[in-house]
Amino acid sequence: MTDKTILRALRGEKLPTPPIWMMRQAGRYLPEYRATRARAGDFLSLCYNPDLAAEVTLQPIRRFGFDAAILFADILLLPQALGADLWFVTGEGPRLSTISDMAGVKALRPTAEIHETLSPIYETVKMLARELPQETTLIGFAGAPWTVATYMIAGRGTPDQAPAHRLKDNDRAAFVALMERITESTIEYLDAQVRAGAEVIKLFDSWAGSLQGQDFVDFALLPTKRIIAELKSRHPTVPIIAFPREAGQGYVGFARATGADCVALDNSVTPEWGAAHVQVDGCVQGNLASRHMVTGGQALVDETRRIVAAFSGGPHIFNLGHGITPDADPDNVARMIEVVRGG
Ligand code: CP3
């Protein structure tokens, strides 16, 4: 029996103080991250260097004492392991070779070969499992299939995911085959992370909000359910956090329908709504707007207290509604933690 606070919350326990971590907690708002990234050369070299990736994962734990560390990696390493070209353009974001038809899907590498590319990531997880303070939970992660597919199809981030919607609607067979390849390889990737020492898994479906109606069921809910079922059959005690970002009404019943132990909420919903409609099914995570990490002040304190109060009736992990941005002030992060812990 472990008493790590995040694991207790994920088992459905209501705690007097919610445990806390933060999406993108290792990142450019921290001077020590920028220094290590400069040493690595570039972002991808940092991801694939276990010593340095473990170092940046630990930096926000040392500085702030978060209750969880999230593996430092990226959701786009899996497409790269499947054979996509991947590079990052400074100030713009990721670029990938694109997939536009069945031939492109068939040219991807077999799932069994992804570990050749991804083995440094498992090495990072192993190092972290050894080095983290014993009270800190280690979170592994992957992108959910729809979100990963949007990048593989468009070759970049897109505001409305239009290229992925086009393939879905115009060449359903190719789209479904791609989703299938991503789903099966995501299962193997996450299984390997758990075997290396990840204690919790998070699935990032950052673009779930652009899937409407039956598409949300078919391409956000069902792939998530399948990944969770397969991981749970192999690792029955590993909790899974699902993040169907901007799902709105789709958040309702998502944990029950997918088997997720926790649903992460973005800040397009109020914490009161989240408590009434999502937390009734179990643990929730969220959902402070990340702009408060830039603007600070009394609004940060008030909104943090409001979120803690709204979710105080059930299991809750405090987090932001999305990743912290590079222009954030580390002092605001420290203040948020202090307020969550009763200051
Ligand atoms: O949260 C963490 O601290 C763990 C590491 C992590 C990163 N990316 C590091 C990163 C995690 C969990 C991710 C997930 C991720 N990556 C998502 C899902 C979550 C979300 O934000 O919606 C997505 C969509 C990506 C793809 C991605 N990676 C984009 C679109 C970008 C560019 C945007 C940006 O912030 O620059 C990245 C780059 C990236 N991933 C950075 C970090 C720290 C910044 C890279 C740098 O140092 O220059």
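**Close-up 1. Lining of the second largest pocket.** Val176, Met179, Glu180, Thr183, Asp218, Phe219, Leu222, Pro223 and Arg226 line the second largest pocket. Helix H10 (172–196) and helix H11 (213–234) are the elements that each give two or more residues to this lining. H11 gives the most, with 5 residues. Helices are DSSP runs of H or I with at least four residues, strands are runs of E with at least two, and both are numbered from the N terminus. By class, the lining has 5 nonpolar, 1 polar and 3 charged residues. Ala, Val, Leu, Ile, Met, Phe, Trp, Tyr, Cys and Pro count as nonpolar, Asp, Glu, Lys and Arg as charged, and the others, Gly among them, as polar. The volume of this pocket is about 160 Å³.

The model is predicted: local features need pLDDT of at least 70, side-chain atom pairs count only at pLDDT 80 or more, and totals for chains, interfaces and linings use all residues. Residues are numbered from 1 along each chain as its sequence is written, and side-chain values use heavy atoms, with hydrogens and water left out.

**Close-up 2. The largest pocket.** This pocket has a volume of about 1400 Å³. A pocket is an open set of points on a 1 Å grid over the protein atoms alone, where a 1.4 Å probe fits, with protein on both sides within 12 Å along at least five of seven lines; lining residues have an atom within 4 Å of a point. Grid points are joined across faces, edges and corners, and a volume is the space filled by probe spheres set on the points. Of the 43 lining residues, Arg24, Arg28, Phe43, Asp74 and Phe88 are the closest to the centre. H2, helix H3 (43–47), strand S2 (86–89) and S3 are the elements that give two or more residues to the lining. The lining divides into 23 nonpolar, 11 polar and 9 charged residues.

**Close-up 3. The ligand and its shell.** The ligand takes up the space of the largest pocket.

**Close-up 4. Oxygen atoms of the ligand.** A polar side-chain atom of Tyr33 lies 2.5 Å from an oxygen atom of the ligand. A polar backbone atom of Arg24 is 2.7 Å from a ligand oxygen. For Gln25, a backbone N or O atom lies 3.3 Å from an oxygen atom of the ligand.

Technical notes
Polar contact = N/O pair within 3.5 Å; in protein donor to acceptor, adjacent residues only side chain to side chain. Sits in = over half its atoms within 2 Å of the grid points.
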